[in-house]
Amino acid sequence: MAEEWIKGTKDGWRRGGNQMGNLLKVLTCTELEQGPNFFLDFENAQPTEGERDVWNQVNSVLQDSENILISLQSYKGAGQEIRDAIQNPNDFSLQERAWHSVCPLVIKLKKFYSFSLRLEEALQSLLESLTCPPFTPTQHLEREQALAKQFAEILHFTLRFDELKMRIPAIQNDFSYYRRTISRNRINNMNLDIESEVNNEMANRMSLFYAEATPMLKTLSNATTSFVTENKTLPLENTTDCLSTMASVCKVMLETPEYTSRFSSEDTLLFCMRVMVGVIILYDHVHPKRSLQQVLQDRRPWPCSLMLLCSSPQMKGCIKVLKDQPADNVEGLLNAL
């Protein structure tokens, strides 16, 4: 079937030599259980001169990621103030207290949302560097380890952010109260200084962002899809191979004692597990959702979800690696998969 597809491929999708061979290995899962066998130095990789420009651009974003997580972790919400205001609609002092409690939180939520836009740009810059011809994804990851490390750091941050966000229902409650109140105040022609910070258009976009269970992952998924759409001359498999290869590299590193012994910190194990899960989830989000039956009917092995074509070796292998770790470390990651 693969051979027929190669011969019948239209211009723009034909690839030859090792590149096509690499793609077919990914699609048929013949070598995924072993995966690309090299060590990706998540702890010490430093940018080469050729990586420096992109690395600096992405680094300026990643430098703020830890502060974003700290700020999210300390988010307390204005639940009590909001409840008091709702239960006492005629008490102006309680309305005012709730409003003044919510407004700083909305500014904080805007900060998180704005960071997601910066992260989106950073991810697309990395994808451009890690998928460009003539190198294969494996060659890119081996040659440009500092950029691969940054890609991993973005995924690591994303899963941590979304895990925290899911534990804070106050975020959506606070923002819903803010939107209801600002609409009412606008109708009453009240002066709203906060609208200079969060106008109606921004509030609409933020509302869509926080409505997602995993907003940062959704942002990365959209960014990757946009990257593929906007780079029409770049074959889709360049991007999907990059994601699959990263997942395989992480899996091999985690299950190979020779590699894990090179980690100087136990935190790197969790980092590697989180990155592996993040890449798989991103891969699954980005792929065209076509059923295996459709693939077989039109006899065109178009890349589809890892859950379909590669579920047995890839997913089972990744789950086995996770289950070999302490349960407290991986419960959230297993649930995500």
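A residue is taken as buried when its relative accessible area is under 20% and as exposed when that area is over 50%. By this criterion, in the predicted model, the buried residues of helix H5, which spans residues 79-87, are Ile82, Asp84 and Ala85. Because these residues cover an arc of only 160° around the axis, they are placed on the same side of H5. The other side of H5 carries Ile86 and Gln87, both of which are exposed.

Across the whole protein, 18 helices and zero strands are assigned. Of its 337 residues, 50% count as buried, and the accessible surface comes to about 16800 Å², with 48% of that area belonging to carbon and sulfur atoms. Among the contacts with a sequence separation of 6 or more, 77% are accounted for by residues 24 or more positions apart.

The largest nonpolar core comprises 94 residues, of which Phe42, Phe151, Tyr178, Met246 and Met253 touch the most other members. Helix H6 (residues 92-131) supplies the largest share of this core, contributing 16 residues. Since residues are given to the core by both domain 1 (48-212) and domain 2 (235-336), the core lies between these two domains.

Key:
Residues are numbered from 1 along each chain as its sequence is written. This is a predicted model: local features need pLDDT of at least 70, side-chain atom pairs count only at pLDDT 80 or more; totals for chains, interfaces and linings use all residues. Side-chain values use heavy atoms; hydrogens and water are left out. A nonpolar core is a set of buried Ala, Val, Leu, Ile, Met, Phe, Trp, Tyr and Cys residues joined through side-chain atoms within 4.5 Å. Buried means under 20% relative accessible area, exposed over 50%, partly exposed in between (1.4 Å probe, protein chains only). Helices (H or I, at least four residues) and strands (E, at least two) are DSSP runs, numbered from the N terminus. Domain bounds come from an automatic or database domain assignment. Contact means heavy atoms within 4.5 Å. Accessible areas come from the Shrake-Rupley method with a 1.4 Å probe; for residues, only the protein chains shown count as cover. The arc is that of the directions from the helix axis to the C-beta atoms.
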